[in-house]
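Visitor: Could you walk me through this model? I'd like to ask things as they occur to me.

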Amino acid sequence: MLTRSYSASVLGVEGFVVTVEADVGLGLPGLTLVGRASGALMEARERVRSALGHCGHKLHPRKQVVNLAPADERKDSPGIDLAVACALLASHEVVPAERLQGLMLWGELSLDGSLRPAAGTLVIADCARRMGFTSLAVAEASADEAAVLGGLAVLPVRDLPQLVAHLRGDREIGAHAANDPPPRPPRELHDLEDVRGLVLARRAIEVMAAGGHNVLLHGPPGVGKTMLARRAIGLYPPLDDEAALEVTKIFGVAGLRAVDGLVREVPLRAPHHTVSVAGLLGGGPFLRPGEVSLAHRGVLFLDELPEFSRGCLEALREPLEEGVVRIVRARGSVGFPARFQLLAAMNPCPCGFLGHPDRTCVDNPAAVLRYQQRVSGPLLDRIDVAVSVTPARPESCARPTHRSRARRCGPA
Ligand SMILES: [Zn+2]
């Protein structure tokens with residue numbers, strides 16, 4: 001008997017529907033998974049078989065084929081487990097096949113049949129809603145995330161037996177009510193109001209926030225470059241609905257869950273200079289977004305800019321120019337949104353004290369030149385504002401003579 005269930009897979013930060021077809025027929029006993037399931041998904045076969053066994057549903061000793069369509073797209077999320085199990089249960093007539101229509105299934109099975117959340121639930125919920133599904137079954141822990149968008153009946157599933165009872169009509173699972181999170185007290189975001197001295201650098205940060213520019217601060221260590229970067233975020237208004245959805249989807253695919261609801265704060269990402277190209281740009285075996293995408297609609301702060309690998313610095317050019325990162329795979333490429341503002345900081349020389357009023361630089365001129373040339377011209381061309389940050393003089397810190405003119409860009 002041929003049966004179908006529906007799940008989805010994530011490509012970049014968008015989802016696409018995966019139709020899971022299960023067929024039980026004549027042939028040597030065994031369970032075969034076809035349809036460009038990646039290596040990671042081949043493990044689904046073992047998980048599903050074990051989960052079904054633990055829940056008292058032994059597969060018939062016959063040839064079982066599960067096909068994941070469309071066959072030309074790679075699927076690698078364990079979130080498909082639940083749909084594979086349900087298609088098999090329907091082909092064994094444990095659950096009625098017609099109950100699987102209009103229902104999207106998303107969750108990873110553990111061997112005992114309980115359901116685990118899978119990364120990217122918000123992307124899947126968005127896909128299900130757009131593709132006209134009426135309900136979405138997810139792990140209990142993902143229900144809040146799935147219900148954020150509305151427009152879908154979200155079924156929180158604890159384990160496989162509970163879902164089987166629901167599909168057979170024995171005990172219905174109630175739809176998860178979209179949980180309006182209690183309004184959180186606004187996080188204490190510092191802006192530049194209480195920064196004394198550093199007039200030029202402060203102005204550069206304000207220009208960055210107001211005009212969407214990329215900024216480079218250079219100056220000796222300890223003058224407050226990092227402190228300024230952390231406070232830059234306080235100048236931005238909260239994300240609007242569209243931006244919040246984009247950012248939350250990227251966080252979800254990266255496996256970082258929003259605490260509740262959509263991410264509303266402008267993201268600030270500050271990767272260490274030892275980050276790999278895949279960590280910065282995205283990629284890896286499971287195609288996760290990198291730091292540039294996690295900084296989408298926000299600020300990417302790169303401290304010690306010349307210390308980043310040449311590969312990382314060169315790779316920044318594409319997202320800075322186009323607002324997107326394309327990761328080329330053996331078959332086709334995947335795009336991740338990466339429209340961020342770059343805030344970079346660097347020392348003027350390897351020791352950091354070139355031009356310092358009180359300290360002496362110990363580097364020879366060739367070393368200084370080499371250090372500065374690590375940041376290539378094409379990258380510098382994309383930086384609109386570069387300012388020197390000099391140590392604040394004690395007299396300029398005595399009292400706030402220069403109140404920051406920073407104004408929040410959005411509604412007060
Ligand atoms: Zn030096």
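Visitor: What share of the residues counts as buried?

Guide: Of the 412 residues of the chain, 50% count as buried, where buried stands for under 20% relative accessible area, exposed for over 50% and partly exposed for anything in between, with a 1.4 Å probe and protein chains only. This is a predicted model, in which local features need pLDDT of at least 70 and side-chain atom pairs count only at pLDDT 80 or more, whereas totals for chains, interfaces and linings use all residues. Residues are numbered from 1 along each chain as its sequence is written, and side-chain values use heavy atoms, with hydrogens and water left out.

Visitor: How many helices and strands are there?

Guide: The chain has 15 helices and 18 strands, taken as DSSP runs numbered from the N terminus, with helices being H or I of at least four residues and strands being E of at least two. Along the principal axes, the C-alpha atoms fill a box of roughly 85 × 45 × 30 Å.

Visitor: Is helix α2 mostly covered or uncovered?

Guide: Helix α2, residues 81-91, is mostly covered, since eleven of its eleven residues are buried; among them are Asp81, Cys86 and Ser91. After α2 comes Glu93, which has a positive phi, near 60 degrees.

Visitor: Switching to the metal, which residues are the protein donors of the zinc ion?

Guide: They are Cys349 (SG), Cys351 (SG), Cys361 (SG) and Asp363 (OD), lying 2.0 to 2.3 Å from the zinc ion, where a donor is an N, O or S atom within 2.8 Å of the metal (3.2 Å for Na, K and Ca), and sites may look incomplete, water not being among the atoms. In sequence these donor residues follow the spacing C-x1-C-x9-C-x1-D. Cys349 and Cys361, twelve residues apart, both belong to the loop between β17 (341-346) and α13 (365-373).

Visitor: Last one: where does Ser110 lie, and what does Ser110 touch?

Guide: Ser110 lies in the loop between β6 (108-109) and β7 (115-116), and it counts as buried at 7% relative accessibility. Ser110 touches Ala51 and Arg116, leaving aside residues up to four places away in sequence, where contact means heavy atoms within 4.5 Å. The C-alpha atoms of Ser110 and Ala51 are separated by 6.5 Å, although the two residues are 59 residues apart along the chain.
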